[in-house]
Amino acid sequence: MSAPDGPVGTERSLGQLVSTATSEMSALVHDEIALAKAQLRQDVKRGAVGGAAFAAAGAVLIFSLPMLSFALAYGIETWSGWNLAICFVLSFAANVLVAGLLALIGVIFAKKAKKGRGPQKAAASAKETAAVLGNVKPHPRAVSPAGAVVDRVGEKAPAVARSSS
């Protein structure tokens, strides 16, 4: 709750109460929008990481194949004595495996970005807030036959004159 606008102990007018409620609702809406933007930024960042992983997979596959293939193939041939063609196929398979792992990382991050429901969460929160505020009703107070208002504890409070306008 916010502090009263006037000095302590004075009651605020209906206009002041409406003004305070309006400004607080405005602040709440601005905060909800800021939350949605922050959550959207996080989802975009995850998508960018996934895209970067896919780009890295492509770059590794393109730039490393010639160099790694030759080095690995000749290394396998030296170590095992197998035919050089088989060594080149094994070298290619190793490069494809590395690119596949990078692509898998990209898929995982892309799915996380797709599942991120930041703006939907903020919108649901705003709708929930609006629903709660829409269902607010004044506290019912019983009026005794003597004209005094009876509060929750059962004590009599002075009757307040109400305007018909």
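This report walks through the fold, the helix packing and a few residues of the chain shown above.

## Ground rules

This is a predicted model, in which local features need pLDDT of at least 70 and side-chain atom pairs count only at pLDDT 80 or more, while totals for chains, interfaces and linings use all residues. Residues are numbered from 1 along each chain as its sequence is written, and side-chain values use heavy atoms, with hydrogens and water left out.

## The overall layout

The chain has three helices and three strands. Follow the sequence and you get the pattern α-α-α-β-β-β.

How much of the chain is buried? Of its 165 residues, 14% are buried. For burial, the cut-offs are under 20% relative accessible area for buried, over 50% for exposed and partly exposed in between, using a 1.4 Å probe and protein chains only. The chain exposes about 12600 Å², and carbon and sulfur atoms supply 68% of that. Those areas come from the Shrake-Rupley method with a 1.4 Å probe; for residues, only the protein chains shown count as cover.

As for contacts (heavy atoms within 4.5 Å), take those between residues at least 6 apart in sequence: 52% of them join residues at least 24 apart.

## H1 against H2

Two packed helices are described by the angle between their axes and the distance between the axes. Helix H1 covers residues 14-80 and helix H2 covers residues 84-115; they pack at an angle of about 170 degrees, with their axes 8 Å apart. That makes H1 roughly antiparallel to H2. The axes are lines fitted to C-alpha atoms, for helices over the stretch in contact, with angles running from 0 to 180 degrees between N-to-C directions. On that scale, under 35 degrees counts as roughly parallel, over 145 as roughly antiparallel, 65 to 115 as roughly perpendicular and the rest as oblique.

Which classes of residue make up the contact of H1 with H2? There are 29 nonpolar, seven polar and four charged residues. Nonpolar takes in Ala, Val, Leu, Ile, Met, Phe, Trp, Tyr, Cys and Pro; charged means Asp, Glu, Lys and Arg; the others, Gly among them, are polar.

## An aromatic cluster

The structure holds two aromatic pairs. Rings of Phe, Tyr and Trp (its six-membered ring) pair if their centres lie within 6.5 Å; planes under 30 degrees apart count as stacked, over 60 as edge-to-face and the rest as tilted. Phe70 is partly exposed at 47% relative accessible area, and Phe88 is partly exposed at 25%.

The rings of Tyr74 and Phe88 have centres 5.9 Å apart and planes at 75 degrees, so this pair is edge-to-face too. Tyr74 is in helix H1 and Phe88 in helix H2, 14 residues apart, so to speak a link between distant parts of the chain. Together, ring pairs link Phe70, Tyr74 and Phe88 into a cluster. Tyr74 counts as partly exposed at 42% relative accessibility. Leaving aside residues up to four places away in sequence, Tyr74 touches Leu84 and Phe88. Tyr74 and Leu84 sit 10 residues apart in sequence and 7.2 Å apart in space, C-alpha to C-alpha.

## Asn95 in H2

Is Asn95 buried or exposed? Asn95, which lies in helix H2, is buried, with a relative accessible area of 7%. Not counting residues up to four places away in sequence, Asn95 touches Leu61, Ser64, Leu65, Leu68 and Ser69.

Leu35 is in helix H1 and counts as partly exposed at 39% relative accessibility. Leu35 and Ala123 are 88 residues apart in sequence but 9.5 Å apart in space, C-alpha to C-alpha.

Leu40 is also in helix H1, and its 44% relative accessibility makes it partly exposed.

Note on methods. Helices (H or I, at least four residues) and strands (E, at least two) are DSSP runs, numbered from the N terminus.
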